[in-house]
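My entries follow in the order in which I looked things up.

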Amino acid sequence: MHTNNTLEIINGQLLDCTGTPLRHADLRIKHDRIEAISAPGSRQNGDREPANRTIDAAGLTVMPGLIDAHVHISYGEGRTAEEVDVYGGPEWVALRAAWNAKKVLHAGVTSIIDPGGTYFVGCAVRDAINNGMFAGPRIFTAGRHITADGGFADYFPSILGLPASAEGVLCSTKADMLSEVRRQVKNRVDCIKLSGDSQAQETNGTAGPCFTDDEMCAVIGMAHQLGKKVTVHARYAKTITAMVKHGIDWVLHASHLPAEDMGIVRDANVALCPTMTFAHNIVEFGHECGSEPGHINFRKREIEGIVETYRRVYEAGIPIMAGTESGFSMCPYGEWHAKEIELLVSLIGMSPMAAIQAMTINNARAIGWNDHVGSLESGKVADILLVEGNPLDDVRILQDRARIRAVFKGGVEVLREPVATRPRLGHERGFAVSTHRLRRDAETLRPYASPM
Ligand SMILES: [Zn+2]
């Protein structure tokens, strides 16, 4: 019986995600950290204590666990804004999120960034996982998205405002925004999420963000003063450039950024996270899943904008982060994470290496975790995937559960028993009679379904 708690992974092909080409290497892991990486067989048996466990990884790629920069762990695969924002209740939403976290980890995603959600569910799930209560990825989480009246997350009529259960929190004045930042930090968020676009921008490309310059400066400044990073939902150029000017740490979406606005982002070296998978799924499968045609068209235009923008972003050398927007019905937990890597290659034209780095080291760097996750180097945490084949030849293999032979988090192999699907309970469902309207053809009197 050994008590030195060491693991060796030998003879594998190492994809360390530092940018170094694939090479054969042996890894020695002690407790939760990588102790040493060496050429195969170069360390003689006599040099060191025998390991508790040795894995022969011949034919396998040894790479860091994926980091999905855009997972909303509290959304519970909701089908509508109402299902995310209104239904379920805090107790249920928290338990549901802990259960969903396991699916994310099983897919080989060992860390996530949760840019906003309902209540403080992200914090509770993060703490419960770190406390050893549940299996799940490492979580870097925001609280509710801070928005102003008519901001992106201010979905409901003003007579309702945003209920306390909503993903967004409506702050009508700068004083309210600052209080909300302090309150969220007190409640242990890792970062602040702003909902920066205005609804006016959805119909008028020249409109600006929902916040004033003064508000952006104050809110981002307060978060930084309290030691927290700030991210923003910003699809449109005026929001993106204003947020960058005021010191935002990274931008989610940045779907429409013309060439003349690229310089300010590049000079500030702010990372952008396109988030294509969710939109792509709606375009590809929305007609089978009851998405409205108008919404499918909106997503098509979004993808077109992202492709145009990010080919330029990639060429300019602006850091690209990879995230999926998992947490909605069209992007369920644990199923689509590595799809984003494929889309970065197929739509944006990134090299497989750069696309995989987008979903590992780039995400770690954006949140300041790059000293312990995001690449495999000695001294870093042993969050490791063993993958059958070479993802640099075909990045799609990372979406194939069977080819991810093992997932290690902190040097411990994750037990990946199948997670059953569960029925959605009545109290977490929105009320809808149908997804389409029943019509009758005037001539034949035959009923048919048409969009609402
Ligand atoms: Zn999101």
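I began with Arg188, which is partly exposed because its relative accessible area is 46%; the scale I used calls a residue buried under 20% relative accessible area, exposed over 50%, and partly exposed in between, with a 1.4 Å probe and protein chains only. Arg188 has a positive phi of about 75° although it is not a glycine, and I found it in the loop between helix H4 (174-186) and strand S11 (191-195). Helices here are DSSP runs of H or I with at least four residues, strands are runs of E with at least two, and both are numbered from the N terminus.

Before going on I noted that this is a predicted model, in which local features need pLDDT of at least 70 and side-chain atom pairs count only at pLDDT 80 or more, while totals for chains, interfaces and linings use all residues. Residues are numbered from 1 along each chain as its sequence is written, and side-chain values use heavy atoms, with hydrogens and water left out.

I then turned to Glu77, where phi is near 60°, a positive value in a residue other than glycine. Glu77 sits in the loop between strand S6 (66-68) and helix H1, and it counts as buried because its relative accessible area is 17%. I also wrote down Gly132, which comes just after helix H3 and takes a positive phi of about 85°.

How much space lies in the largest pocket? I read about 1,500 Å³. A pocket is found on a 1 Å grid over the protein atoms alone, as an open set of points where a 1.4 Å probe fits, with protein on both sides within 12 Å along at least five of seven lines, and its lining residues have an atom within 4 Å of a point. Grid points are joined across faces, edges and corners, and the volume is the space filled by probe spheres set on the points.

The lining of the largest pocket has 43 residues, and Arg79, Thr80, Ala81, Glu82 and His295 lie nearest its centre. Helix H1 (81-85), strand S12 (229-236), strand S13 (250-256), helix H9 (277-285) and helix H10 are the elements that give two or more residues to this lining, and H1 gives the largest share, four residues. By class, I noted 17 nonpolar, 15 polar and eleven charged residues in the lining of the largest pocket; Ala, Val, Leu, Ile, Met, Phe, Trp, Tyr, Cys and Pro count as nonpolar, Asp, Glu, Lys and Arg as charged, and the others, Gly among them, as polar.

The second largest pocket holds about 430 Å³ of space.

**Entry on helices H3 and H9.** Helix H3 (residues 121-130) has seven of its ten residues buried, so it is largely enclosed by the rest of the structure. What covers those buried residues includes helix H2 (90-106), strand S7 (109-114), strand S8 (138-141) and strand S16 (404-409). In H9, I listed Thr277, Phe278, Ala279, His280, Asn281 and Ile282 as buried, and the buried residues of H9 pack against H10 and H11.

**Entry on Ser326.** Ser326 lies in the loop between helix H10 (293-316) and helix H11 (339-346), and it counts as buried because its relative accessibility is 0%. Leaving aside neighbours within four places in sequence, Ser326 is in contact with several residues, including Asp68, His70, Cys331 and His337; contact means heavy atoms within 4.5 Å.

**Entry on the cysteines.** How many disulfides does a search of the whole structure find? The search finds zero, taking a disulfide as a pair of cysteine sulfur atoms within 2.5 Å. For Cys331, the closest cysteine sulfur is in Cys289, 12 Å away, which is too far for a bond. For Cys17, the closest cysteine sulfur is in Cys273, at 16 Å, again too far for a bond. Both ends of my list are enclosed, as Cys331 is buried at 0% relative accessibility and Cys17 is buried with a relative accessible area of 0%.
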